[in-house]
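Please look through the sequence and the structure shown below before reading on. The report that follows takes up selected helices, strands, loops and a pocket in turn.

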Amino acid sequence: MLRALVFDFDGLILDTETPLIDGFADVHAAHDRPFDRDLFLRSVGHAEYTFDPWRAFGPDEDRRELERELQLYKRIRILAQPVLPGVVALMDAARDRGWPIALASNSGHAHCEEHLGRLGLLSRFRVVACREDVASPKPEPDLYRFAINQLGLRAHQAVALEDSRTGSLAAKRAGLWCVVAPNPSTAHHDVSHADWRVGS
């Protein structure tokens, strides 16, 4: 019997990934540098590899200043984002069934809790599991195992809600059911291992 929902955050509750990519594009445009959007799209939601987002700037550019500019552009864009469609209705449905909800995010507590609080959603979560809470981030199963343990449930009693390949792999490796709702930045991800893929 299903008894809980476990939400991802970035790209699932709030689209912070498109603003991140757009923020990189803003910095590149401000400095008149070429921007490879496809490369950045391929990087979203992946923890398995890294790439240099500032390689168009060369080795002598002050990367700390570029990062500062990126954070400013990104924050402006994120603050304009609404909660993604269906999220609140799904939380309401879980509440009506007496199901607790948890968060399992590769982002940090400060990031997730700031935005959940700003959106009026933080109090809905019985458990908030973030990258500081486990040894390994998604796609490893640690975050989902931690969240489920905090809820006092077994993995097969919960449904994970994800938007990316990395997150959905983590959920399935932890033994949860998994529904994937890709966003524009993750629509190209292979999530064939998930139990269900939905449009939003």
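## Helix α4 and its surroundings

Helix α4 is followed by glycine 98, whose phi is positive, near 80°. This is a predicted model, in which local features need pLDDT of at least 70 and side-chain atom pairs count only at pLDDT 80 or more, while totals for chains, interfaces and linings use all residues. Residues are numbered from 1 along each chain as its sequence is written, and side-chain values use heavy atoms, with hydrogens and water left out. Helices (H or I, at least four residues) and strands (E, at least two) are DSSP runs, numbered from the N terminus.

Within α4, which spans residues 87–96, Val87, Met91 and Ala94 are buried, where buried means under 20% relative accessible area, exposed over 50%, and partly exposed in between (1.4 Å probe, protein chains only). Seen down the axis of α4, these buried residues fall within an arc of 60°, so they line one face of the helix; the arc is that of the directions from the helix axis to the C-beta atoms. On the other side of α4, Ala89 and Asp96 are exposed. The cover over the buried residues of α4 includes β1, β2 (101–104) and β3, with contact meaning heavy atoms within 4.5 Å.

Strand β4 (residues 158–162) is mostly covered, since 5 of its 5 residues are buried. In a regular strand the side chains alternate between the two faces of the sheet. In β4, Ala158, Ala160 and Glu162 point one way, whereas Val159 and Leu161 point the other way, and all are buried.

Strand β1 (residues 4–7) pairs with β4 in the parallel sense over 4 bridges, and two strands are taken to pair if DSSP finds at least two bridges between them. Within this pairing, alanine 160 in β4 is the bridge partner of valine 6. Strand β4 is also joined by 4 bridges to strand β5 (residues 177–180), and these two run parallel; here tryptophan 177 in β5 is the bridge partner of valine 159. Together, β4, helix α7 (residues 165–174) and β5 make a right-handed β-α-β unit. A crossover is right-handed if, with the strands pointing away from the viewer, the path from the first strand over the helix to the second runs clockwise.

## Helix α5 between β2 and β3

A right-handed β-α-β unit is also made by β2, α5 and β3. In this unit, β2 and β3 pair in the parallel sense over 4 bridges, and alanine 104 stands opposite alanine 129 in β3. Strand β3 is mostly covered, with 4 of its 5 residues buried.

The buried residues of α5 are His109, Cys112, His115 and Leu116. They cover an arc of only 155° around the axis, which puts them on the same side of α5. These buried residues pack against α3 (63–79), β2 and β3. After α5 comes glycine 120, whose phi is positive, near 75°.

## Cysteine 130 and histidine 109

Cysteine 130 has its place in the loop between β3 (125–129) and α6 (142–151), and at 0% relative accessibility it counts as buried. Not counting residues up to four places away in sequence, cysteine 130 touches Ser105, Ser107, Gly108, His109, Cys112 and Leu143. Of these contacts, leucine 143 is 13 residues from cysteine 130 in sequence and 7.0 Å from it in space, C-alpha to C-alpha.

Histidine 109 lies in helix α5 (residues 109–118) and is buried, with a relative accessible area of 19%. Its contacts, again leaving out residues up to four places away in sequence, are Glu114, Val128, Cys130, Glu132 and Asp133.

## Histidine 189

Histidine 189 sits in the loop between β5 and β6 (196–197), where it is buried with a relative accessible area of 5%. The C-alpha atoms of histidine 189 and alanine 158, which are 31 residues apart along the chain, are separated by 23 Å.

## The second largest pocket

The second largest pocket has a volume of about 290 Å³. Of the 18 residues that line this pocket, the closest to its centre are Leu12, Pro85, Val87, Ala181 and Ser200. Both α4 and β4 supply at least two residues each to the lining.

A pocket is found on a 1 Å grid over the protein atoms alone, as an open set of points where a 1.4 Å probe fits, with protein on both sides within 12 Å along at least five of seven lines, and lining residues have an atom within 4 Å of a point. Grid points are joined across faces, edges and corners, and the volume is the space filled by probe spheres set on the points.
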